[in-house]
Amino acid sequence: MEFRLPDPGEGLVEAEIVEWKVAVGDVVAVNDVLLEIETAKSLVELPSPFAGVVQEILAPAGQVVPVGTPIIRIGADEEAPGSTTPAAPDVLADASASPSAVATAKTEDSGAVLVGYGARGAAVSRRARRQPGAAVPDAAAAAVAAVPQVSAPAPVPTAPTAPAPTSTEVPRAKPPVRRVARDLGVDLSTVVGTGPDGTITAADVLTAAGRPPQNPAVQRIPLRGVRRAMFQSMTASLAVPQATAFVEVDVTATMQLIDTLRRRRDFTGLKVSPLVIFAKAACLAIERVPEINSRYDAAADEMVIPTDVNLGIAAATPRGLVVPNIKRANQLNLLELTRGLNDMVALAREGRVQPSDLAGGTFSITNVGVFGVDGGTPIMNNGEAAIMCLGTILRKPWVVGEGDQERIEPRSVCTVSLTFDHRLVDGEMGSKFLADVSTIMADPALALLF
């Protein structure tokens, strides 16, 4: 049975194979994780729709594969490569084989449901390995095609020797390095890795090919997956006429509220940050200026204003910028919003956000303050009408009081900016929205008026 690369969601047309979790000869059950792929939106694990033995891996790690392409072949146990007939002796049928000859690859249980296969279940079982001195199938042949093999036991050496490498041992190398090896015709199993924990680097591959790197200071990174999607989205967004407004806000009262929330029992174990209050303030301000939460329908030439706010939070990851969103954030109370933000940020940083979490955003927030940046001009997420940017919160001298009571005090101050689609949101709307957010941040109690 051939397993074809499915669409993990949202109409994607291709994905890059990052890592295979199984090898030829492994026994798998339905919903065991077969491989990890990188789509244009996230890193996704694909479960097996079949039970049986891995016969052939049809697409190597590092390859970009169109949706619908066969990527692995799984057959019944008796069809496995290296299986033998009852008349032929084989280590797999040897009742005296040590229990240690059977390896198992455990995978963590998960409640995630993907492409209609259900939640991931049992562990992946390794077929028994041949004992030292027994015939070993050629690694390259086992990885390319399922060729049944029958081997008689070879004489066992008198002195103990290290086991010979088997076809299930996969060289440690990242997808870009595997592409370099494939292009140069280098067998990674013959390369000695000099990277961390023996990882094979691009320089190792070039050296093995007799082409040592001439300029190791230069690095080329292909625009694939999430990074390419970010490139395309930002390029498309800049085709829209945009304007940005700034405001400097005294958020001392917000910081005091944060300290209060952190001491509450119901917030125990949660990271409570100013971003939570900003997010809540944005949802409340959108109720008064709903155009901030709109999008343009080019086919109908209409402005579309959703009832709910799917609040996107920009997250920087090693694979690029992703903007997962909290669905119906405007309907959540402060505790629910805090939990949603905690869960979403953790998944984004681990690269485990599902495509459905990245789709359908209506308004976004980016927080450059965590990098120590005072503020900036954000670029809208493509298809949305606005994005709000938060700068770092600094202690500054600030004029407080009125008339004869005016005085200078150290206060917590933050720069907030809003970039908006000037076709849908005019300057008055953008300014009103920022003013409402500033009012709530300066005095969170005034949120009761919204």
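Student: Is A282 buried or exposed?

Tutor: This is a predicted model, in which local features need pLDDT of at least 70, side-chain atom pairs count only at pLDDT 80 or more, and totals for chains, interfaces and linings use all residues. Residues are numbered from 1 along each chain as its sequence is written, and side-chain values use heavy atoms, with hydrogens and water left out. Buried means under 20% relative accessible area, exposed over 50%, and partly exposed in between (1.4 Å probe, protein chains only). A282 has a relative accessible area of 0%, so A282 is buried.

Student: Which residues does A282 touch, not counting residues up to four places away in sequence?

Tutor: Contact means heavy atoms within 4.5 Å. On that basis A282 touches F363, I365, M388, F433 and V437, with residues up to four places away in sequence not counted.

Student: Where is F371, and is F371 buried or exposed?

Tutor: F371 lies in the loop between β18 (363-367) and β19 (386-390); strands are DSSP runs of E of at least two residues, helices runs of H or I of at least four, numbered from the N terminus. With a relative accessible area of 61%, F371 is exposed.
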